[in-house]
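Thanks for coming. I have one structure to go through today, and I will take it in a few parts.

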Amino acid sequence: MKFSRRTRDTEGAAGRLDNESGRTLGKLIAVVLAVYLVVCLLIGWYWSREPDLEDLTVVPVGNTDALTTGSYTARTVRELARTLLDKPGGFISNDISPPGLWLDNMPSWEFGVLVQVRDITRSMRRDMARSQSQSTEDAALSKAEPLFHFDHKSWALPASESEYRAGVRQLNDYIERLESGNASFYTRADNLAGWINDVSTRLGSLSQRLSASVARTPLNDGGRERKQTPWLQIDNVFYEARGSAWALVHLLRAVEKDYADVLNNKNALVSLRQIIRELEATQAPMWSPVILNGGGFGMLANHSLVMANYLSRANAGLIDLRRLLEQG
């Protein structure tokens with residue numbers, strides 16, 4: 001009888017120890033998860049910080065004579081691609097693990113920048129680096145363009161980053177040959193007008209997508225209302241537009257330097273600077289933690305419509321600029 005009671009007491013003590021160990025382990029796991037989530041939130045906040053508008057063009061120190069026509073544009077394109085790859089967190093559009101997996105604003109911003117890199121490299125390959133339509137394409141640019149068009153969400157075999165870094169290497173090759181006199185960059189008005197037409201098309205599309213954040217949308221050609229942007233996609237469209245505008249500010253600043261003679265001859269320099277000014281306004285600090293979607297003249301702002309206004313005004317300036325360039 002005593003033996004049985006002692007056995008039951010021993011088993012009870014063991015059970016209590018097991019319960020205490022289980023509770024301790026559960027608390028430990030909860031603490032670890034809480035710390036992990038806090039760390040991920042802090043890292044995610046840091047990775048979500050957008051680059052500023054400081055000049056990206058890397059000019060050789062004490063050797064500005066090394067720069068030639070087209071250097072500013074080519075170097076700016078290269079630095080835009082490098083920024084995508086080397087900013088805090090690197091390129092996160094293809095991340096498959098936290099915190100990158102949880103972020104959606106920065107991947108949208110990255111895509112906006114990437115689209116502009118793709119457009120300008122195509123224009124450089126197609127027009128700016130060729131004397132005429134029947135001339136040979138630059139070998140490095142013909143390789144760089146398809147590399148930047150690689151799927152931005154591929155995380156392996158190959159990863160997006162590896163393809164884009166290969167594109168940067170091809171741009172390096174072109175820049176080195178350009179500045180040593182073994183490659184060309186033609187600053188003709190029609191070359192610049194062709195790229196501006198591409199940019200105008202992009203901004204027009206972004207403006208429409210931003211405007212579709214409100215319920216009352218313009219009618220399309222078929223007389224039916226365009227679909228309203230889904231609520232969960234509003235911030236993605238906003239940050240894609242913001243990234244695209246950020247890239248365009250840098251590219252247009254470079255164009256202002258490389259195409260200075262053309263712009264002066266066409267009396268288009270003031271128009272270009274006004275466009276840059278409108279796009280710079282899109283980069284004002286965001287004080288709201290979320291993209292608001294207020295309607296009409298209500299109490300809440302509509303960030304999408306504010307962005308659409310700046311892009312529409314910049315696009316109108318681009319249309320006028322293209323007309324000036326196309327005039328004889």
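**Loops, a buried serine and the core**

P158 sits in the loop that runs between α4, residues 139-148, and α5, residues 160-179. Keep in mind throughout that this is a predicted model.

P99 lies in the loop between α2 and α3, the latter being residues 105-128.

There is also a positive phi at N267, near 55°, again in a residue other than glycine. N267 is in the loop between α8, residues 260-265, and α9, residues 269-281. With a relative accessibility of 66%, N267 is exposed.

Now to a buried polar residue. S71 is part of helix α2, which covers residues 71-86. The relative accessible area of S71 is 0%, and buried means under 20%, so S71 is buried. What does the S71 side chain pair with? It makes a polar contact of 3.0 Å with the side chain of E179. Setting aside neighbours within four places in sequence, S71 is in contact with L178, E179 and D258.

Last, the core. How many residues does the largest nonpolar core have? It has 70. Those with the most contacts inside it are M124, Y174, W195, L263, L279, L311 and L325. Helix α7, residues 234-258, gives the most to this core, with 13 residues. As general background, nonpolar side chains tend to be buried together in soluble globular proteins.

Take L311 as an example from that list. Apart from neighbours within four places in sequence, L311 is in contact with L203, L206, S207, L210, A241, A245, L279 and T282. L279, one of those contacts, is also among the core residues with the most contacts.

That is what I have; I can go back to any of these parts.

Terms used:
Residues numbered from 1 in each chain as written. Predicted model: local features only at pLDDT ≥ 70, side-chain atom pairs only at ≥ 80, totals over all residues. Heavy atoms only, no water. Core = buried A, V, L, I, M, F, W, Y, C linked by side-chain atoms within 4.5 Å. Buried < 20%, exposed > 50% of the residue type's maximum accessible area, 1.4 Å probe, protein only. Helix = DSSP H or I, 4+ residues; strand = E, 2+ residues; numbered from the N terminus. Contact = heavy atoms within 4.5 Å. Polar contact = N/O pair within 3.5 Å; in protein donor to acceptor, adjacent residues only side chain to side chain.
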